[in-house]
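Here is a short report on one protein. It covers the fold first, then the surface.

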Amino acid sequence: MNSEPNVTIVTIGGYVEVEKYKYVYFFTMFLVYIVIICSNGTIVCLIWMHQNLHEPMYIFIAALLCNSILFSTVIYPKMLIDVLSEKQVITISACLFQCFLYYAFSCSEFVLLAVMAYDRYVSICKPLQYANIMRKSTVICLLILAWLIPTAQVAVPVISNIETKLCDLNFKGIFCNNLIYKLHCTISRAMSIYGVVVLINVTILPMFFVLFTYAKIFVITYRSCKEVRKKAAETCLPHLFVLINFSCLLTYDVVTVKLEFDMPKTVRLIMTLQVVLYHPLVNPIIYGLKMKEISKHLKRLFTKENVKMIEQ
């Protein structure tokens, strides 16, 4: 439907009985969003405040958690507005922009995990060269590339589809992802091939790089002393768990797009929520509990807060 000339409005039809349960939707999403911001933001602030955490590994962790905050901010505010609105709608341009940001930050996650794997490899397998390789300028360059490369590649199909004609204005998701291309009258074969290339470049290749790097680290450390093996396990396993967790959620996203035509609405809603619910919450839990130095500072922070409350 068109409210103004040249402005196409798309109906968001992925919610189940939103009028009946709108306050349940709203308060649940609002609570989750606040927890995501606070939990990720707390660890980022701790890394920024404490000098002993100003190392490449912790800087990359902070970048990953900032990415989770940005990823969630792309999704949650719009969903909060939608569930309280009489009609869940969005302009096609805004939908494309949300789709672009959603995949840009999702793909950046994989590239950041690949960068973190490289950092761990240099730290554990080439400790004497670590300071020379992972300089401040190198860290900054890797962080810029981790966001720039996925953003540039994801932008191409979004820009190319701005003027594409729509034959359906009923979007079957709750936020804009690749389901938006199901609304097009025709799907470009060239863009479909390009999408596969992007998927390989910024998700599959980084994932294999991470797995290969950690396998090499564990093989090398297996021959070393117990202390080296312990260090490798403490610093690598959290990153590996995050990779597995996010890969599973990305698989959910692919499944919801590919099977949307014959999937019950409630099942599709639940699967879609997995993508934006668990991962931003799991990251701070993993790094807060499993990374020794971060865990230490978190305990001190909450101990101080408890002491202040008791004193008052």
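Buried means under 20% relative accessible area, exposed over 50%, and partly exposed in between (1.4 Å probe, protein chains only). Of the protein's 312 residues, 46% count as buried. This is a predicted model: local features need pLDDT of at least 70, side-chain atom pairs count only at pLDDT 80 or more, and totals for chains, interfaces and linings use all residues. Residues are numbered from 1 along each chain as its sequence is written, and side-chain values use heavy atoms, leaving out hydrogens and water.

**Fold.** The protein has 9 helices and 4 strands. These are DSSP runs numbered from the N terminus: helices are H or I with at least four residues, strands E with at least two. The order from the N terminus is β-β-α-α-β-α-α-α-β-α-α-α-α. The C-alpha trace spans about 65 × 60 × 35 Å along its principal axes.

**Surface.** Patches are made of residues with over 30% relative accessible area and no salt bridge; like charges are joined within 9 Å, nonpolar side chains (Val, Leu, Ile, Met, Phe, Trp, Tyr) within 5 Å. A salt bridge puts a side-chain nitrogen of Lys or Arg within 4 Å of a carboxyl oxygen of Asp or Glu.

Lys226, Arg229, Lys230 and Lys292 form a patch of positive charge on the surface. Helix H7 (residues 226-258) gives the largest share, 3 residues. Ile140, Ile144, Leu145, Leu148 and Ile149 make a nonpolar surface patch of about 420 Å².

Note on methods:
Accessible areas come from the Shrake-Rupley method with a 1.4 Å probe; for residues, only the protein chains shown count as cover. Lys and Arg count as positive and Asp and Glu as negative; His and the chain ends are not counted. The place of a charge is taken as NZ of Lys, CZ of Arg, CG of Asp or CD of Glu.
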